[in-house]
Amino acid sequence: MSTRIAFLKGHGTENDFVILPDPENAFDLSPAAVAALCDRRAGIGGDGVLRVVRSAAHPEARAMAGEAEWFMDYRNGDGSIAEMCGNGTRVFARYLQHAGHVAEGDLAIATRAGVKTVHIAKDGDITIGMGRARLPEGDVTVTVGERSWPARNVNMGNPHAVAFVADLAHAGDLHTAPPVSPASAYPDGVNVEFVVDRGPRHVALRVHERGSGETRSCGTGACAVAVAAARRDGADPAVTGTPATYTVDVPGGRLVITERPDGEIEMTGPAVIVAEGEIDAEWLAQALG
């Protein structure tokens, strides 16, 4: 291992990530290494790690190499693997632009949830094609303390439980995962969103992200919330034939989510690279020791 490892730090609506360029898939990125890098006191700090790998060089992405040159190997802050991260995909696209791999306009990015279409606009915002939501059947309940709410089960390539509440403070501290029942609905854990209304087609959320705790933003969560709100409001685009657009405020900023009549969902928001530098390999080895 070289004595130094290049990294960058970026965020999308304050959902922040350590970015590790690894085009040839040379790093053995263990869960412990990810957790050490994401430690906000003893490491760089982040909600997760975005490893940048050429699709052709990664066994999980090789089949997508014909559609997307780059694969987003996303890991949660605790080191666990996640299927997809909407804010992370925008930051990943911003890194590709920053590094000179892509320019403004359209591109494709491979993820564990499939190939995602991306548009980098001249005004700086980035739009991600998030695919279609799946709405598994069955009642789901979210509980915090003595309060419980019915929740909508929405899958955006990763699982979500969306609960509409009277006050975001009712979500509690969100340091630990809120209990969701039945447990069988989410055998691999779940992201939980608590949602309040701010105005017509305008909502705000707090989220506990599986493997990361409460985060400042969750892109797939914002999409899940918009889908749940549209169904609640009788604005299902597949029924009305009209796109449904919701403004979703997250603690770290604002996202705009549009669901089209064909079910495809687009998310638009900012993405920023804030720093770049080098990780000391000796520190990383000691952190893992």
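Strand 7 and strand 17 are paired in the antiparallel sense, with six bridges between them. Within this pairing, Gly131 has Ile265 of strand 17 as its bridge partner. The structure described here is a predicted model.

Strand 17 is also joined to strand 16 (residues 253–259), with four bridges between the two strands, which run antiparallel. Here Thr258 stands opposite Glu266 of strand 17. Strand 16 and strand 17 form a hairpin with four residues between them, and Gly263 in the turn has a positive phi of about 95°. In a regular strand, side chains alternate between the two faces of the sheet. In strand 17, the covered face consists of Ile265, Met267 and Gly269, while Glu264, Glu266 and Thr268 make up the uncovered face.

Strand 17 also contributes to a pocket. The second largest pocket has a volume of about 150 Å³. Its lining is made of 14 residues, and those closest to the centre of the pocket are Thr117, Gly129, Met130, Glu264 and Glu266. At least two lining residues come from each of strand 6 (114–120), strand 7 (126–132) and strand 17 (264–269). By class, the lining of this pocket comprises five nonpolar, five polar and four charged residues.

A further set of pairings involves strand 1 (residues 4–12). Strand 1 is joined to strand 18 (residues 272–280) by eight bridges, and the two run antiparallel. In this pairing, Leu8 has Glu276 of strand 18 as its bridge partner. Strand 1 is joined to strand 2 by five bridges, and these strands also run antiparallel. The bridge partner of Gly10 in strand 2 is Phe17. Strand 1 and strand 2 form a hairpin with two residues between the strands, and Thr13 in this hairpin takes a positive phi near 45°.

Side chains of opposite charge can pair when their charged atoms come close. The count for this structure comes to 24 salt bridges. One of them is formed by the side chains of Lys9 and Asp16, at 3.2 Å from N to O. Lys9 has a relative accessible area of 15% and is therefore buried, the cut-off being under 20%. Asp16, with a relative accessible area of 11%, is buried as well.

Another salt bridge is formed by Arg51 and Asp22, whose closest N and O atoms are 2.6 Å apart. Asp73 and Arg75 form a salt bridge in which the closest N and O atoms are 2.8 Å apart. Asp73 and Arg75 are both buried. These two pairs belong to a network of salt bridges that links Asp22, Arg51, Glu60, Asp73, Arg75 and Arg112.

Helix 2 covers residues 86–98. At 1.5 Å a residue, its 13 residues should span 18 Å, and the end C-alpha atoms are 19 Å apart, which agrees. Eleven of the 13 residues are buried, so helix 2 is largely enclosed by the rest of the structure. Among the buried residues are Gly86, Asn87, Arg90, Phe92, Arg94 and Tyr95. Just after helix 2, Gly100 takes a positive phi of about 85°.

A search of the whole structure finds one cavity of 30 Å³ or more. The largest cavity holds about 80 Å³ of space. It is lined by 13 residues, with Asn76, Met84, Asn158, Asn191 and Glu209 nearest its centre. Strand 4 (70–76) and helix 3 (219–232) each supply at least two of the lining residues. The lining of this cavity divides into five nonpolar, six polar and two charged residues.

Glu209, one of the residues nearest the centre of the largest cavity, is found in strand 13 (residues 202–209). Glu209 has 7% relative accessibility and so counts as buried. Glu209 and Ala108 are 101 residues apart in sequence, and their C-alpha atoms are 25 Å apart in space.

Technical notes:
Residues are numbered from 1 along each chain as its sequence is written. This is a predicted model: local features need pLDDT of at least 70, side-chain atom pairs count only at pLDDT 80 or more; totals for chains, interfaces and linings use all residues. Side-chain values use heavy atoms; hydrogens and water are left out. On a 1 Å grid over the protein atoms alone, a cavity is a set of points where a 1.4 Å probe fits but cannot get out, and a pocket is an open set with protein on both sides within 12 Å along at least five of seven lines; lining residues have an atom within 4 Å of a point. Grid points are joined across faces, edges and corners, and a volume is the space filled by probe spheres set on the points. Ala, Val, Leu, Ile, Met, Phe, Trp, Tyr, Cys and Pro count as nonpolar, Asp, Glu, Lys and Arg as charged, and the others, Gly among them, as polar. A salt bridge is a side-chain nitrogen of Lys or Arg within 4 Å of a carboxyl oxygen of Asp or Glu. Buried means under 20% relative accessible area, exposed over 50%, partly exposed in between (1.4 Å probe, protein chains only). The expected span of a helix is 1.5 Å times one less than its number of residues. Two strands pair if DSSP finds at least two bridges between them.
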